[in-house]
Amino acid sequence: MSRTILITGATSGFGKAIAEKFAQGGYRVCITGRRADRLAAVKSELETRYGTTVFTACFDVRDNAQVDAAMNELKKHVTRIDILVNNAGLAAGLSTIDEGSLDDWETMIDTNVKGLLYMTRQVLPMMREQASGHIINIGSTAGKGVYKNGNVYCATKYAVDALSQATRIDMLPYGIKVTAINPGMAETEFSLVRFKGDEERARNMYAGVNALQAEDIADIAWYCATLPPHVCINDLTVTCLTQVNSVYNIKEADRVKPKEL
Ligand code: NDP
Ligand code: 8X3
């Protein structure tokens, strides 16, 4: 039987690209998100293109009652989950801590931390029973170093880092892999969401940067998931060539160009 991957937040960005990569690789794919129309479109596209089975579950990861109901329904069809990708997440706003919006803070904490916990709590007992499985948590360079105005978003990604480490320790006897993938700046809908639909501001974030693309992260997730059973990448940080970490990055035009061969 095919292996099964469950990906949260697969209606765009990393999650959607990871769903495609694993569908192409022969996995049964379970995708989640709040936008039902997008879930249906991704399902239809992947089933047509790769002939795989795609399950959809439309819910808000912040609401544990919704998570519970959706997962109970999914578990009627899927009795084994080989990989959980905790990807659903967002940044909301960018401001100093004395002026931050409490609504934005709650949205980020509830999605990036509590949502990840609710999903992990649903899936780990299955993996423990299987005595195998792989949790891939999408962290961030923001969880490795704090940047100006990033305060609460960074805090949520530091929490993802801590929870990845903790899960790895707690699940050690059960052969469950835990990988944290920490991307830097990547061109998805992330900035559009952060800046609440301001397309120009979102576009400017990536102007002249040659940022990471969603497919880059999907390739990395695939690599991490297809290593031999005894090998686990615990923690992986990846940036585009013009970024070092949360603080230091330059424009592509300011990079010394490689000499022609
Ligand atoms: P996108 O905005 O393109 O995708 C975010 C996904 O998360 C969407 O599918 C969205 O689905 C889902 N999502 C958001 N909130 C919820 C919610 N409450 N319940 C269920 N699903 C939700 O951004 P990215 O692909 O860039 O982001 C994916 C992850 O990567 C996030 O955790 C982000 O923090 C992290 N990250 C992003 C980086 C970047 O620069 N792009 C760099 C480092 C990390 P829907 O709206 O349909 O619910
Ligand atoms: C997303 C990358 O630098 O915008 O986690 O925080 S950044």
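**Ligand surroundings**

A: In this predicted model, a side-chain N or O atom of tyrosine 147 lies 2.7 Å from an oxygen atom of ligand 2. Serine 140 also has a side-chain N or O atom beside ligand 2, with 2.5 Å to an oxygen of the ligand. For tyrosine 153, the distance from a polar side-chain atom to an oxygen of ligand 2 is 2.6 Å.

Tyrosine 153 leads on to ligand 1. A polar atom of the tyrosine 153 side chain is 2.7 Å from an oxygen atom of ligand 1. Ligand 1 has 30 residues around it, and those that come nearest are Thr11, Ser12, Arg34, Tyr153 and Thr188. Lysine 157 places a polar side-chain atom 2.9 Å from an oxygen of ligand 1. With glutamate 189 the backbone is involved: one of its polar backbone atoms is 3.2 Å from an oxygen of ligand 1.

Threonine 11, one of the residues that come nearest to ligand 1, sits in the loop that runs between β1 (4-7) and α1 (13-24). Its relative accessibility is 7%, so threonine 11 counts as buried, the cut-off being under 20%. Apart from residues up to four places away in sequence, threonine 11 touches Lys16, Thr32, Gly33, Arg35, Arg38 and Leu39. With one of these, arginine 35, threonine 11 makes a side-chain to side-chain polar contact of 3.3 Å. Isoleucine 109 is 98 residues from threonine 11 in sequence, and their C-alpha atoms are 20 Å apart.

The largest pocket has a volume of about 1100 Å³. It is lined by 47 residues, and Gly89, Leu90, Tyr153, Thr188 and Phe190 are the closest to its centre. Two or more lining residues come from each of α1, β2 (28-33), α4, α5 (151-170), α6 and α7 (199-206). Helix α6 gives the largest share of this lining, 4 residues. By class, the lining splits into 21 polar, 18 nonpolar and 8 charged residues.

Helix α6 covers residues 190-194, serine 191 among them. Serine 191 counts as buried because its relative accessibility is 2%.

The whole structure holds 1 cavity of 30 Å³ or more, and the largest cavity has a volume of about 60 Å³. Its lining consists of Thr8, Val61, Asn86, Asn87, Ala88, Thr111, Asn112, Gly115, Leu116, Met119, Ile138 and Lys157. Helix α4 (residues 102-130) contributes the largest share of that lining, 5 residues. Sorted by class, the cavity lining has 6 polar, 5 nonpolar and 1 charged residue.

Terms used. Residues are numbered from 1 along each chain as its sequence is written. Chains are lettered from A and ligands numbered from 1 in the order in which they are written. This is a predicted model: local features need pLDDT of at least 70, side-chain atom pairs count only at pLDDT 80 or more; totals for chains, interfaces and linings use all residues. Side-chain values use heavy atoms; hydrogens and water are left out. Buried means under 20% relative accessible area, exposed over 50%, partly exposed in between (1.4 Å probe, protein chains only). On a 1 Å grid over the protein atoms alone, a cavity is a set of points where a 1.4 Å probe fits but cannot get out, and a pocket is an open set with protein on both sides within 12 Å along at least five of seven lines; lining residues have an atom within 4 Å of a point. Grid points are joined across faces, edges and corners, and a volume is the space filled by probe spheres set on the points. Ala, Val, Leu, Ile, Met, Phe, Trp, Tyr, Cys and Pro count as nonpolar, Asp, Glu, Lys and Arg as charged, and the others, Gly among them, as polar. Contact means heavy atoms within 4.5 Å. A polar contact is a pair of N or O atoms within 3.5 Å; within protein, one must be able to donate a hydrogen and the other to accept it, and residues adjacent in sequence count only if both atoms are side-chain atoms. A residue is near a molecule or strand if one of its heavy atoms lies within 4 Å of it.
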